[in-house]
Amino acid sequence: MRIRPVATVAGALVGLAASMLPAAGAQAAERHHKVVTIAHRGASAYAPENTLAAVDAAADLGITWVENDVQRTKDGELVILHDTSLARTTNVEQVFPGRAPWNVGDFTLKEIEQLDAGSWFSPKFAGERVPTLEDYMDAVEDNDQKLLMELKAPELYPGIERQTLKELREDGWLDRDHVKNRLIVQSFNADSVKKVHSLRRDVKTGFLGTPAVAELPKYAAFADQINPQYKSIDAAYVSAVHKVKGPHGRPLEVFTWTVDDAPNAVKAAGQGVDGIISNKPDVIRDAVKKTGR
């Protein structure tokens, strides 16, 4: 092995939190800190999502952090793909026409390696493949990048938390430097995040969603970040999250998604978020930089 590199809450609850914390909102807006820009599924506005080309596209833009999605094949291999079906981002319907709905878990790695994961995006990416987690980690390591890793639909893949951590360890990503500075594991599934935390308490974790303010301490027992959709938050909510300390004794962070335009990036930065996940990370980085954050 080469060493290279549960449920969200309705907007009404967020509004309620804002009305209860007017002063906190102002404080959040005044927070001046560096906002991290994360390339969503790689720089997916410029290359096919979750491919090695998208990782490299982010690197070419000078983006350090990339986000991806981990799933498991029928024969137990970890691959990088967002949808639980292969249909949208590969030519699986043409290669295997009789196997609808073409779920990732119904195909072996050898079968998935036959698929074209680039032509749907642009002819110049024809032949791009669905990467294995190992190959993906090699690319991220080679580019000296950092990873926000999502366990996608882990309820479909029992034991994927332990398996993913094993793969990360074998690839050299669970040493002190990577764990401290270069890796975050997140999921929409709170039980999955909790499992990762129980297996490796030193690994930084994030919960994807917008829990009610009153529920934040519960999530803070196993998650270092609360990572909500950008339309579901305001400055008061972000401030409320920051007031709660996570499992490592530090204030919870907020990485919001998926922002692709400058005005909303500036708005999110003004709300005090710690990171912005984007398909156009260069646009977001440049917009936020102008604000001094």
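## The loop at Thr258

Thr258 sits in the loop between strand E8 (255-256) and helix H12 (262-271). Helices here are DSSP runs of H or I with at least four residues, strands are runs of E with at least two, and both are numbered from the N terminus. A cis peptide bond links Trp257 to Thr258, with omega about -25°.

This is a predicted model: local features need pLDDT of at least 70, side-chain atom pairs count only at pLDDT 80 or more, and totals for chains, interfaces and linings use all residues. Residues are numbered from 1 along each chain as its sequence is written, and side-chain values use heavy atoms, with hydrogens and water left out.

## Overall make-up

The chain holds 13 helices and nine strands. Of its 293 residues, 55% are buried. Buried means under 20% relative accessible area, exposed means over 50%, and partly exposed lies in between (1.4 Å probe, protein chains only).

The chain exposes about 12300 Å², and carbon and sulfur atoms supply 53% of that area. Accessible areas come from the Shrake-Rupley method with a 1.4 Å probe; for residues, only the protein chains shown count as cover.

## Other backbone features

A cis peptide bond also joins Ala100 and Pro101, with omega about 5°. Pro101 belongs to the loop between helix H4 (92-95) and helix H5 (109-112).

Asn50 has phi near 60°, a positive value in a residue other than glycine. Its loop runs between strand E1 (36-39) and helix H3 (52-60). Asn50 counts as buried, at 2% relative accessibility. Ala153 has phi near 45°, again positive in a residue other than glycine. Ala153 lies in the loop between E4 and H7. Its relative accessible area is 14%, so Ala153 is buried.

## Aromatic pairs

Six aromatic pairs turn up in a search of the whole structure. Rings of Phe, Tyr and Trp (its six-membered ring) pair if their centres lie within 6.5 Å; planes under 30 degrees apart count as stacked, over 60 as edge-to-face and the rest as tilted. Trp120 and Phe121 pair edge-to-face, because their ring centres are 5.6 Å apart and their planes stand at 80°. Trp120 is partly exposed at 36% relative accessibility. Phe121 is partly exposed at 28%. Together with Phe125, Trp120 and Phe121 form one aromatic cluster.

Phe207 and Tyr219 make a tilted pair, 4.6 Å centre to centre with 35° between the planes. Phe207 is in strand E6 (residues 204-208) and Tyr219 in helix H10 (residues 216-220), so this pair ties together parts that are 12 residues apart in sequence. Both Phe207 and Tyr219 are buried.

## Charges over rings

Arg88 lies over the face of Trp120, 6.0 Å from the ring centre. The test is that NZ of Lys or CZ of Arg is within 6 Å of the ring centre and within 35 degrees of the ring normal. The charged end of Arg99 sits over the ring of Phe107, 4.0 Å from its centre.

## Helix H9

Ala190, Ser192, Val193, Val196 and His197 are buried in helix H9 (residues 190-199). Down the H9 axis, the buried residues fall within an arc of 165°, so they line one face of the helix. The arc is that of the directions from the helix axis to the C-beta atoms. An α-helix has 3.6 residues a turn, so residues three or four places apart point the same way.

The buried residues of H9 pack against strand E4 (146-151), helix H7 (160-170), strand E5 (183-187), E6 and H10. Contact means heavy atoms within 4.5 Å. At the start of H9, a side-chain oxygen of Asn189 comes to within 3.0 Å of the backbone nitrogen of Asp191.

## Two buried helix residues

Glu141 is in helix H6 (residues 133-142). At 15% relative accessibility, Glu141 is buried. Its side chain makes a polar contact with the side chain of Arg182 (3.1 Å). A polar contact is a pair of N or O atoms within 3.5 Å; within protein, one must be able to donate a hydrogen and the other to accept it, and residues adjacent in sequence count only if both atoms are side-chain atoms.

Ile112 lies in helix H5. Ile112 is buried, at 0% relative accessibility. Leaving aside neighbours within four places in sequence, Ile112 contacts Thr73, Leu86, Val104, Phe107 and Val130. Ile112 and Thr73 are 39 residues apart in sequence, and 8.4 Å apart in space, C-alpha to C-alpha.
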